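Open your viewer and get ready to click along. This tour tells you what to select next and what you will find there.

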Amino acid sequence: MGDILNLRRARKAKARQDAETEAAAKRLQHGQSKAGKKLSKAEQEAAARKLDGHKRDDS
């Protein structure tokens, strides 16, 4: 005799697995987390400020 299967739980588990698969695909597609993007942008702005601060005025 086979095992008893709760269809509602099986449907919810499949939906959770599908959502996790989609989330993983989106993480790969968009790359960085929001905090990572913010840190990268701050580093670029700091480098630009440093470069502008070391410009020479030859005029």
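**Before you click**

This is a predicted model, in which local features need pLDDT of at least 70 and side-chain atom pairs count only at pLDDT 80 or more, while totals for chains, interfaces and linings use all residues. Residues are numbered from 1 along each chain as its sequence is written, and side-chain values use heavy atoms, with hydrogens and water left out.

**Stop 1: the whole protein**

Show the cartoon: the protein has two helices and zero strands. Both kinds of element are DSSP runs, numbered from the N terminus (helices: H or I, at least four residues; strands: E, at least two).

Now zoom out. The C-alpha atoms fill a box of roughly 90 × 15 × 15 Å along the principal axes. The radius of gyration is 25 Å, whereas a compact globule of 59 residues would have one near 10 Å; the value is taken over C-alpha atoms, and the globule rule is 2.2 Å times the number of residues to the power 0.38.

How much of the protein is buried? Of its 59 residues, 0% count as buried. Here buried means under 20% relative accessible area, exposed over 50%, and partly exposed in between (1.4 Å probe, protein chains only).

**Stop 2: the charges**

Colour by charge. Lys and Arg count as positive and Asp and Glu as negative, while His and the chain ends are not counted. Each charge is placed at NZ of Lys, CZ of Arg, CG of Asp or CD of Glu.

Select Arg8, Arg9, Arg11, Lys12 and Arg16, which form a positive surface patch. Patch members have over 30% relative accessible area and no salt bridge; like charges are joined within 9 Å, and nonpolar side chains (Val, Leu, Ile, Met, Phe, Trp, Tyr) within 5 Å. Centre on Arg11, found in helix α1 (residues 7-30). Arg11 counts as exposed because its relative accessibility is 56%.

**Stop 3: the salt bridges**

How many salt bridges does a search of the whole structure find? The search finds four, each being a side-chain nitrogen of Lys or Arg within 4 Å of a carboxyl oxygen of Asp or Glu. Here are some to visit:

- Select Asp18 and Lys14, whose side chains meet at 3.2 Å, N to O. Both lie in helix α1, four residues apart, about one turn of the helix. Asp18 is partly exposed at 39% relative accessibility, while Lys14 is exposed at 51%.
- Select Arg27 and Glu20, which meet at 3.1 Å, N to O. Arg27 is partly exposed at 49%, and Glu20 is partly exposed at 45%.
- Select Lys26 and Glu22, which meet at 3.5 Å, N to O. These two also lie in helix α1, four residues apart, about one turn of the helix. Lys26 is partly exposed at 45%, and Glu22 is partly exposed at 46%.

**Stop 4**

Finish at His54, in the segment after α2 (34-53). His54 counts as exposed because its relative accessibility is 62%.

Methods:
Areas by Shrake-Rupley, 256 points an atom, 1.4 Å probe, with all protein chains shown as cover.
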